[in-house]
Amino acid sequence: MNLKVDSYIEKSDKLQAELKALQSIMLECGLTEDFKWRNPCYTFNDKNIIILGRLKESCILSFLKGVLLTDSKGILKPAGPNSRSAKIISFTNVDKIHTLKNTLRNYIFEAIEIERLGLKVNLQKEREIQYPEELQLVFKEKPLLKTAFENLTPGRQRGYILYFESAKQSKTRSARIKKYEQRILNGKGFHDCVCGLSKKMPACDGSHKKY
């Protein structure tokens with residue numbers, strides 16, 4: 001048991017029963033409880049296996065090497081559009097957790113075995129990122145901005161490019177690039193928190209809208 005995890009769960013009014021049920025299952029499976037990245041983390045031989053997280057209306061189990069799981073029941077989903085390794089299961093009520101308890105235990109034991117065997121996710125080389133013409137022109141004028149952009153993770157780079165390219169007109173694309181120049185120079189992604197109020201750092205959870 002981890003005091004930080006206990007505090008995390010106690011502060012979760014809506015999802016407390018669900019989080020406790022999932023916590024219990026993972027501890028029963030012999031995982032070690034830790035607290036990393038502002039969330040409960042469950043490890044095996046000091047290797048991260050599962051992250052337990054809460055959203056506004058649900059809680060999730062994130063298997064960090066989920067793509068290697070057999071997923072015999074077809075209950076895993078991609079963690080996000082840029083995730084190539086993690087798979088998640090979401091829960092909105094404790095009944096679903098109790099129903100899937102044996103299945104979850106099997107998935108957890110499989111995840112432990114994957115780590116015990118030292119299996120790795122085969123991450124293919126990132127496809128070369130293509131910069132829109134407007135961004136290339138700005139980079140020629142502002143090499144520091146180009147350096148800052150290239151220092152972002154590939155996922156953050158793609159997030160910006162998708163946003164810039166979604167504008168139909170060139171002048172709109174240029175305006176969007178100009179608007180986000182300082183954020184890029186600060187090393188922030190398109191969806192990252194910049195106000196410091198988010199409770200799900202580094203992602204923005206909309207907390208700034210409350211003020």
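Lys101 is partly exposed, with a relative accessible area of 31%; here buried means under 20% relative accessible area, exposed over 50%, and partly exposed in between (1.4 Å probe, protein chains only). The model is a predicted one, in which local features need pLDDT of at least 70 and side-chain atom pairs count only at pLDDT 80 or more, while totals for chains, interfaces and linings use all residues. Residues are numbered from 1 along each chain as its sequence is written, and side-chain values use heavy atoms, with hydrogens and water left out.

Side chains of opposite charge can pair when their charged atoms come close. A salt bridge is taken as a side-chain nitrogen of Lys or Arg within 4 Å of a carboxyl oxygen of Asp or Glu, and the whole structure holds 10 of them. One of these joins Lys101 to Glu28, with 3.6 Å between the closest N and O atoms. This pair links distant parts of the chain, as Lys101 belongs to helix α4 (residues 101-116) and Glu28 to helix α2 (residues 16-28), 73 residues apart. Helices (H or I, at least four residues) and strands (E, at least two) are DSSP runs, numbered from the N terminus. Glu28 counts as partly exposed, at 41% relative accessibility. Arg105 joins in as well: Glu28, Lys101 and Arg105 are linked in a network of salt bridges.

Helix α4 takes part in another such link. The closest N and O atoms of Glu115 and Lys65 are 3.3 Å apart, forming a salt bridge. Because Glu115 lies in helix α4 and Lys65 in the loop between β4 (59-63) and β5 (77-78), the pair ties together parts that are 50 residues apart in sequence. Glu115 counts as buried, its relative accessibility being 13%.

A further salt bridge connects Arg156 with Asp192, at 2.7 Å between the closest N and O atoms. Arg156 is in helix α7 and Asp192 in the segment after α9 (181-185), so parts that are 36 residues apart in sequence are tied together.

Located in strand β1 (residues 32-36), Glu33 is buried yet has no salt bridge, and the nearest side chain of opposite charge, Lys20, is 12 Å away. For this search, Lys and Arg count as positive and Asp and Glu as negative; His and the chain ends are not counted. The side chain of Glu33 does make polar contacts, including one of 2.8 Å with the side chain of Gln23 and one of 2.6 Å with the side chain of Tyr42. A polar contact is a pair of N or O atoms within 3.5 Å; within protein, one must be able to donate a hydrogen and the other to accept it, and residues adjacent in sequence count only if both atoms are side-chain atoms.

Attention now turns to the aromatic residues. A pair of aromatic rings is described by the distance of the centres and the angle of the planes. Rings of Phe, Tyr and Trp (its six-membered ring) pair if their centres lie within 6.5 Å, with planes under 30 degrees apart counted as stacked, over 60 as edge-to-face and the rest as tilted. The structure contains 13 aromatic pairs. In one of them, the rings of Phe149 and Tyr160 have centres 6.2 Å apart and planes at 50 degrees, so the pair is tilted. It links distant parts of the chain, with Phe149 in helix α6 (residues 143-150) and Tyr160 in helix α7, 11 residues apart. Tyr160 also pairs with Phe164 in a stacked arrangement, 5.8 Å centre to centre and 25 degrees between the planes. Tyr160 and Phe164 are separated by about one helical turn because they are four residues apart in helix α7. Both Tyr160 and Phe164 are buried, and Phe149 is buried too, with a relative accessible area of 0%. One aromatic cluster is formed by Tyr131, Phe139, Phe149, Tyr160, Tyr163, Phe164, Tyr180 and Phe190.

Helix α7 (residues 154-165) also holds Ile161, which is buried at a relative accessible area of 5%. Leaving aside residues up to four places away in sequence, Ile161 touches Ile129, Gln130, Tyr131, Pro132 and Phe149, where contact means heavy atoms within 4.5 Å.
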